[in-house]
Amino acid sequence: MNEDLKVNLSGLPRDYLDAAAAENVSAAVSNQVPVVEPEPELVVNPWDIVLCTSGTLISCENAIVVLIIFHNPSLRAPMFLLIGSLALADLLAGIGLIINFVFAYLLQSEATKLVTIGLIVASFSASVCSLLAITVDRYLSLYYALTYHSERTVTFTYVMLVMLWGTSICLGLLPVLGWNCLRDESTCSVVRPLTKNNTAILSVSFLFMFALMLQLYVQICKIVMRHAHQIALQHHFLATSHYVTTRKGVSTLAIILGTFAACWMPFTLYSLIADYTYPSIYTYATLLPATYNSIINPVIYAFRNQEIQKALCLICCGCIPSSLAQRARSPSDV
């Protein structure tokens with residue numbers, strides 16, 4: 001009787017109140033249970049995969065050259081020291097590309113960005129400087145042929161190595177020491193976190209070294225042509241033989257310099273005119289050929305060398321082919 005006299009103070013039907021109470025209970029329960037949001041899917045940029053693959057190939061190829069020069073005491077001449085410096089720089093560049101890929105998708109932080117970009121800048125700078133040092137060494141070996149194998153040449157080579165690696169390390173430390181655009185996006189270049197001024201300095205330095213290499217190779221070409229002509233006169237060679245030898249030497253120099261320019265010039269010019277507002281696809285499209293230079297360098301400077309070929313044959317098959325052992329160096333092998 002008393003239950004029937006109870007008043008519904010809300011003015012709503014009892015069935016509606018029961019449903020509302022059930023909803024409140026379920027809401028309270030849901031508030032106590034933590035909501036698990038699905039993790040965002042990791043989207044990998046295909047260009048980054050290509051750069052990482054390029055870095056892997058660079059590392060494997062140049063590691064072979066470094067091991068050959070390191071484990072052969074006979075390969076301690078200035079020329080091989082510079083080739084080893086080039087291979088070591090390219091090896092570090094390949095490792096830097098791999099580390100950059102890993103850190104970009106697994107360990108994202110400002111510190112890792114600065115360290116990886118510093119390693120890449122330092123290694124690629126050392127690679128370009130080593131190419132210039134090799135050009136200087138080839139010029140000196142032809143211009144001062146009689147005194148080239150003296151102790152002074154070895155000392156000069158070590159001085160060049162210290163200078164080029166010191167300069168490259170300083171360039172790589174600039175982003176780590178504060179010259180970056182992490183605090184101000186408007187100063188970013190096409191390669192974040194490098195600033196526009198930083199990439200401008202690197203690009204202008206490259207153009208200067210390319211002009212110097214071009215001048216040196218022109219002088220080398222003249223010396224090679226003169227030496228080939230003198231050898232032809234001494235041995236009474238035919239004019240066609242002299243022409244073929246000279247053309248081969250000029251073609252070799254053109255391949256070396258043309259490959260270097262084709263790989264690095266697009267990215268150098270693009271980084272001078274572009275900034276962070278440009279689409280990133282242009283940066284990838286110009287940076288990728290620059291990495292190819294580190295793949296081609298061992299083929300041009302190391303694997304074409306007779307002494308390195310002999311050392312590689314000894315490692316692979318334990319013998320030296322007779323054709324390689326009896327082949328003489330010609331004036332075109334510059």
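The paragraphs below go through a predicted model, from its annotated segments to its aromatic pairs and a surface patch. Residues are numbered from 1 along each chain as its sequence is written, and side-chain values use heavy atoms, without hydrogens and water. Because the model is predicted, local features need pLDDT of at least 70 and side-chain atom pairs count only at pLDDT 80 or more, while totals for chains, interfaces and linings use all residues.

The unreviewed UniProt entry places the feature "transmembrane region" at residues 47–70, 82–108, 114–136, 156–179, 199–218, 250–269 and 281–303. Such positions are given in the numbering used here, feature names are shortened, and annotations may be inferred rather than shown by experiment. Over residues 82–108 the chain is 93% helix and 0% strand, with end C-alpha atoms 36 Å apart. For residues 156–179 the figures are 88% helix, 0% strand and 32 Å. Helices (H or I, at least four residues) and strands (E, at least two) are DSSP runs, numbered from the N terminus.

A search of the whole structure finds 11 aromatic pairs. In Phe101 and Tyr105, the ring centres are 5.2 Å apart and the planes stand at 55 degrees, so this pair is tilted. Rings of Phe, Tyr and Trp (its six-membered ring) pair if their centres lie within 6.5 Å; planes under 30 degrees apart count as stacked, over 60 as edge-to-face and the rest as tilted. Both residues lie in helix H3 (residues 78–106), four residues apart, about one turn of the helix. Phe101 counts as partly exposed because its relative accessibility is 21%, and Tyr105 counts as buried at 16%. Buried means under 20% relative accessible area, exposed over 50%, and partly exposed in between (1.4 Å probe, protein chains only).

Tyr139 and Tyr143 form a stacked pair, 5.5 Å centre to centre with 15 degrees between the planes. They are separated by about one helical turn, because they are four residues apart in helix H4 (residues 110–143). Tyr139 is buried at 18% relative accessibility, whereas Tyr143 is partly exposed at 46%. Elsewhere, ring pairs link Phe124, Phe206, Phe210, Phe260 and Trp264 into a cluster.

Leu173 is found in helix H5 (residues 151–176) and is partly exposed, at 39% relative accessibility. In the loop between H5 and helix H6 (196–234) lies Pro193, which a cis peptide bond joins to Arg192, with omega about 10 degrees.
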